[in-house]
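Open the model in your viewer and keep the selection panel at hand. The tour moves from a sheet to a helix pair and then to a single helix.

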Amino acid sequence: MSSSGPSGGGSTVSCAAVDLGASSGRVILGRVGGGELTTTEVARFDNKPIRVPRGADDDRLHWDILRLYADVLAGLRRASELGPLDGIGIDSWAVDYGLLDAGGELLGNPIHYRDARTDGVLDQVRAELGARRIYATTGIQFMQINTLIQLVAARDSPALASARRLLLIPDLLCYWLTGEFGAEVTNASTTQLLDVGQRRWARELIRDAGIDEALLPRLREPGETIGVLAGSARDQLGGHATPVVAVGSHDTASAIVAVPATGTRFGYISCGTWSLVGLELAAPVLSEASRAANFTNELGVDGTTRYLRNVMGLWLLQESLRTWQSRGQQPEVVELLSGAAEAAPFRSLIDPDDPRFLAPGDMPARIAEVCRETGQPVPADRYQLVRCILESLALAYRRTLRTACELADREVDVLHIVGGGSRNELLCRWTADACGIPVVAGPVEATALGNLLVQARAVGAAGVGDLTAMRALVAATQDVHEYRPGGDIPAWDAAARRWSAIFER
């Protein structure tokens, strides 16, 4: 229920943002409008994949989507108990999907993008459809996790043969809340199935890939009202006909809405399990040079294009921590970062995008293997390994940002880091040194904030207008920290040259 906002004298609204990452999810209650933007986390829960055997020597990695939906409902229930909601919006990771039968029932738990079924399929798709054609149409970075690659890998599966509808993860959850089918465009653009220039499904490409185009639902733009709570979801959430709004349902699309930037001369890193490094543009860059550099053109809110590359991100550190914990060790992140800051600089470097780092497993052993192969010292302890990861990420960010600027003919004066990685002071400081420009870190909850802002505008909050107004509200209400280049810049330049010599041969 809207009310008079305390700081701006206008209409404020209460909305619930469901933000689902690859390792955890949360429900954030927000008050937005009239100069106010406040958040309260009302629920946080794990998002753990499950390995399911398919035979003696095979298995599949799935998302536990029903438990995830139950956690979402529980979080929304807590939010609604604090007062009537004016809106609900859901964002999540990209590319993964659920298949529904003719009756609208889920045919099985969605398969995780890190599952091995797509191994080797990327080269097959390039050969069948042509890399230039795919990129000129979709503008999407070639990765084996892309929905196109997953669907080609599943072409002969019984589930795909039985399916009558494909819904990406946030669209699937919104369907369960409202009974309405659809596909929000910012997430749809990550699938490598969308014509990025026309903002519509690339139907000829889809048919030539051997995929039934009838699987794909109507597209929605961010800010459209999907429907209202219906059925059991409505009953569980107090019986209110609360609107469910299509936000930037790819979590990065929502995060970029909440970058507290002024003007256009900025770069960004949405930093979490993955690091999305790039620029906000008015139109996609579909040049052959862009394809060769493997940059992606994903659609953003209000007609923008997110021109970026995926970098493996803090997954490297997260999986190292998981490995150590599985051995009974319990290192604290604060201790690891403190030790890494004191370790010898640039002793060992890796390419974070090495395909060996994609799947779950013993990350320290894989990093050691790369170091041995490239004639570098193997990290002798956890501190050296963490320093190796963070320095390598900073160098990868430098390479990616500079390449994006060159390909898009854009200069940037500042780099914004948002998301969980903005709390990693060491990574932010080293990124400023590596890139040679100021880094503004925060807000941490950028994805939830962007989700809330798009919802709030859709349901009539005061003072929430275009992206410029949204970002000004974020800048005025959220904590950020600035890091200026201050380290040994020549040493970073030398490390970048060495990194290129090793990994870009």
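**Stop one: the sheet**

Select the open sheet of seven strands: its order is E18-E19-E17-E16-E20-E21-E22, with mixed pairing. Strands pair if DSSP finds at least two bridges between them. At the edges sit E18 (296–299) and E22 (481–483), each pairing on one side only. From one strand to the next, the twist averages 30 degrees.

This is a predicted model: local features need pLDDT of at least 70, side-chain atom pairs count only at pLDDT 80 or more, and totals for chains, interfaces and linings use all residues. Numbering starts from 1 along each chain as its sequence is written, and side-chain values use heavy atoms, without hydrogens and water.

Now pick E17 (residues 275–281) and E19 (residues 305–311). They pair in the antiparallel sense over seven bridges. Click Leu 279: its bridge partner in E19 is Tyr 307.

**Stop two: a helix pair**

Select H17 (residues 446–458) and H18 (residues 467–477). They pack at about 125 degrees, with axes 11 Å apart. Show Leu 453, Val 454 and Arg 457 in H17; they meet Met 470, Leu 473 and Val 474 in H18. Contact here means heavy atoms within 4.5 Å.

**Stop three: an enclosed helix**

Select H6 (residues 169–178). Ten of its ten residues are buried, so the rest of the structure largely encloses H6. Buried means under 20% relative accessible area (1.4 Å probe, protein chains only). Asp 171 and Trp 176 are among them. Step just past H6: Gly 179 takes a positive phi of about 80 degrees.

Definitions and conventions: Buried means under 20% relative accessible area, exposed over 50%, partly exposed in between (1.4 Å probe, protein chains only). Helices (H or I, at least four residues) and strands (E, at least two) are DSSP runs, numbered from the N terminus. Axes are lines fitted to C-alpha atoms, for helices over the stretch in contact, and angles run from 0 to 180 degrees between N-to-C directions.
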